[in-house]
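Here's a quick look at how the pieces of this model touch each other. Have the structure open while you read.

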2 protein chains.
Amino acid sequence: MRHAGDRYAGCTLSHVTVLTESYEMFARAERVIPGGIFGTRSPRFSSFGDFPAFIRSARGSRITDVDGNEYIDFMCGFGPIVLGYNHLAVQEAVRGQEERGGSFTFPGDVTLELAETLVARWDWGDWVMFGKNGSDVTTLSTRIARAHTGRMKLLVAAGAYHGFDPWSVPGGQGVPPAHRSERDEFTWNDAGSVHACFDRNEGDVAAVMLCPIRHDAMHDIELPAAEFLAAVQQRAEAAGALLIVDDIRCGFRLHPSGASHLRFGLRPDLVCFGKAIGNGQPLSLLVGKEALRATAQSLYYTGTHFFAATPMAAALAVLRAYDGEGAYEAMQSAGAMLRDGILAAARRAGACVRFTGPATMPNLLFDDDPKLKRGRAFAAAAAQRGVIFHPRHNWFLSSAHTPEDIAQAVAVAEECFRLVVAGT
Amino acid sequence: MRHAGDRYAGCTLSHVTVLTESYEMFARAERVIPGGIFGTRSPRFSSFGDFPAFIRSARGSRITDVDGNEYIDFMCGFGPIVLGYNHLAVQEAVRGQEERGGSFTFPGDVTLELAETLVARWDWGDWVMFGKNGSDVTTLSTRIARAHTGRMKLLVAAGAYHGFDPWSVPGGQGVPPAHRSERDEFTWNDAGSVHACFDRNEGDVAAVMLCPIRHDAMHDIELPAAEFLAAVQQRAEAAGALLIVDDIRCGFRLHPSGASHLRFGLRPDLVCFGKAIGNGQPLSLLVGKEALRATAQSLYYTGTHFFAATPMAAALAVLRAYDGEGAYEAMQSAGAMLRDGILAAARRAGACVRFTGPATMPNLLFDDDPKLKRGRAFAAAAAQRGVIFHPRHNWFLSSAHTPEDIAQAVAVAEECFRLVVAGT
């Protein structure tokens with residue numbers, strides 16, 4: 001297995017992770033799964049040979065791979081882990097529901113408790129529907145918007161990710177071009193492009209779909225400018241089009257209530273949640289306004305596992321813990337400490353980086369690094385020292401990241417910045 | 001709450017289920033979920049007022065609703081429950097994985113074990129990919145077929161259900177018509193229509209997608225005629241188009257290996273599984289041929305929960321139990337006993353019904369009952385007596401249905417047939 005010593009001859013490493021078992025397993029996996037591992041979970045998506053391929057267990061902020069290496073994990077399962085892995089109260093709720101049964105012919109009683117809790121939680125939402133993937137509810141929201149308005153056009157920000165369904169999947173390989181029609185794009189944070197997009201689709205716009213922040217992979221994260229959001233909100237209202245917020249990645253990390261649009265003053269008609277709502281249990285939500293209830297009810301939308309009880313029991317436990325344990329504040333505090341620490345470490349090491357985004361969803365990119373060569377080297381060196389920093393995707397904080405975790409991660413980051421600066 | 005006495009004055013009921021709590025909860029649910037409950041789980045989809053709305057717990061073949069009524073359940077969660085609810089070994093596997101963590105930033109070690117187990121199990125499949133919903137993998141299969149062949153047209157049987165994604169969702173409300181293009185239809189069991197469909201799409205066909213049996217709601221189940229399957233297989237091969245089997249509903253119920261196409265001699269390129277593979281845990285699979293591996297690997301396909309470890313641990317336990325406990329044989333035996341019993345009961349009661357389909361996935365329809373009036377009355381009366389028989393959707397047997405369950409269900413069925421005959 002490659003290790004950092006191969007790449008940075010002369011550096012004395014404080015720690016080198018051995019990944020024998022991970023990559024022996026990966027070689028076996030290549031025979032039975034296309035690419036060994038596909039999608040964002042693949043080590044090819046991060047840093048092949050340096051990131052672990054398979055995980056044995058996790059607790060709190062830490063994951064342990066199949067070679068026994070432990071990592072402070074700043075990816076939180078690509079978002080869902082908002083309270084830390086194996087959170088006690090959530091796991092108790094999961095066990096309790098599984099003892100009664102996790103999935104029935106009819107919904108579990110927990111369905112009603114969760115729906116009432118969610119609708120009571122958010123005074124801007126009047127009803128909720130359930131799915132498994134984030135894509136289930138982003139696509140459902142487009143169907144409700146189109147059925148409600150009788151119009152077809154969906155406006156989205158260029159480059160924004162709204163799921164893996166055919167109309168949205170990046171690249172669109174294997175999708176008939178016609179299945180990606182009825183969509184137009186504006187430029188993030190460019191109010192003029194929003195106006196132009198509405199102008200050229202006048203009378204046709206069913207909805208505009210927007211993430212609360214720009215969090216495209218391999219890009220700096222951009223917060224929305226007030227003028228940009230005002231243009232989106234005002235033009236959607238003027239056109240009688242719906243405003244859909246895709247809060248799947250940001251939900252529960254950008255606002256104490258869990259609903260990111262409140263931080264930015266948006267007034268959406270539909271909001272999509274996923275990821276963090278179940279702390280690892282698969283569940284997505286669409287929350288909508290009263291005016292859309294009849295349309296939502298009229299659509300055919302069903303899935304074998306949509307009413308599974310266990311993720312709903314987990315979600316209720318997540319909400320209780322999120323509120324009761326100061327999870328939002330703990331994440332903010334950990335994220336702020338990480339940001340200050342990373343930026344100071346980069347300065348001390350002489351590394352030119354951009355650390356963008358909200359404290360709980362930061363993104364690190366090196367200057368003049370279009371192919372992520374330095375970014376990957378940094379992430380590789382950090383993984384070898386027991387910290388998962390992703391080279392191309394935003395990171396995620398959880399309430400389980402302790403000040404000690406952050407201090408350790410920052411110390412590793414400084415060492416890795418020095419290695420990258422020395423190596424380039 | 002309505003009960004059977006309202007409808008069948010003069011009949012002495014052996015048992016009347018009280019559904020106070022279920023429908024009080026349903027009325028509350030209507031305020032926070034469009035339609036109260038949406039999709040196939042809604043009591044509106046079965047028999048409103050007579051079917052339970054919410055379930056508290058389940059074990060083996062039985063579910064218990066929020067009023068405390070227990071039912072022998074012949075819907076098995078609409079398919080996933082193949083070994084009975086809360087199967088001991090499966091629940092142990094779920095608990096064991098959850099103790100280590102259910103979802104990580106990278107795949108759990110169980111991913112490799114499951115993929116290797118599946119590929120070793122089926123010599124017609126060389127690799128596997130994972131999803132949550134059945135729709136995830138039916139749609140993925142169309143993308144692989146289109147990307148691989150460079151052609152766009154997908155042929156399906158008219159009326160067949162292949163998931164809730166826009167290209168396939170029944171009714172297509174809220175979907176731009178263009179997003180449902182590049183699809184053509186043939187008629188189930190009509191070889192001539194298969195030939196005509198291939199003829200009129202010559203040179204354009206990427207794939208034909210087929211369920212192993214016709215199991216459309218509100219229709220008799222039809223087994224495939226040999227001539228029909230031969231036409232599908234031969235024309236697909238001659239056209240260089242892929243054959244995709246959608247085995248999501250039938251998998252693990254029609255053949256001892258779990259793969260239904262083997263029962264009918266089909267040689268598919270891609271097979272979609274879902275439902276029964278996790279006995280309630282959300283997991284779907286796409287199994288494919290070597291020739292498609294590179295294409296499958298080249299597609300962007302990722303989802304937050306696709307590599308969640310707990311459903312994979314459950315699936316491994318399901319496979320062990322399915323093989324080790326004679327689950328297939330137990331289901332066949334229970335299904336055959338139910339069929340014989342239902343048909344004899346209907347004869348004795350003078351009810352004119354059609355009980356179609358394989359023993360483990362039967363479907364009951366009354367003659368001359370286009371609006372399901374008698375079907376719903378029968379299902380309502382059975383629910384009131386503690387048996388869930390669905391009036392419009394095929395039923396599902398599990399290995400947990402005991403001879404005593406079947407005897408009790410048949411006795412209830414006979415009483416309900418008599419009520420329907422007396423009431424019409």
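## Ground rules

This is a predicted model, so local features need pLDDT of at least 70 and side-chain atom pairs count only at pLDDT 80 or more, while totals for chains, interfaces and linings use all residues. Residues are numbered from 1 along each chain as its sequence is written, with chains lettered from A and ligands numbered from 1 in the order in which they are written.

## Where chain B meets chain A

Chain B puts 95 residues into the contact, and chain A puts in 95 residues. Two residues are in contact here if their C-beta atoms, placed from the backbone, lie within 7 Å.

On the chain B side, the elements giving two or more residues are α2 (20-32), β1 (55-59), α3 (88-100), α4 (110-121), β4 (127-131), α5 (134-149) and α9 (293-298). Helices (H or I, at least four residues) and strands (E, at least two) are DSSP runs, numbered from the N terminus. The largest share, 7 residues, comes from α5(B). By class, this side of chain B has 48 nonpolar, 30 polar and 17 charged residues. Nonpolar means Ala, Val, Leu, Ile, Met, Phe, Trp, Tyr, Cys and Pro; charged means Asp, Glu, Lys and Arg; the others, Gly among them, are polar.

## Inside chain A

Chain A splits into domain 1 (4-83 + 327-423) and domain 2 (88-324), with bounds from an automatic or database domain assignment. Their centres, taken over C-alpha atoms, are 28 Å apart.

In chain A, 20 residues of domain 1 are in contact with 21 residues of domain 2. On the domain 1 side, α11 (327-349), β11 (353-356) and β12 (363-366) of chain A each supply at least two residues, and α11(A) gives the largest share, 3 residues. That side of domain 1 of chain A divides into 10 nonpolar, 8 polar and 2 charged residues.
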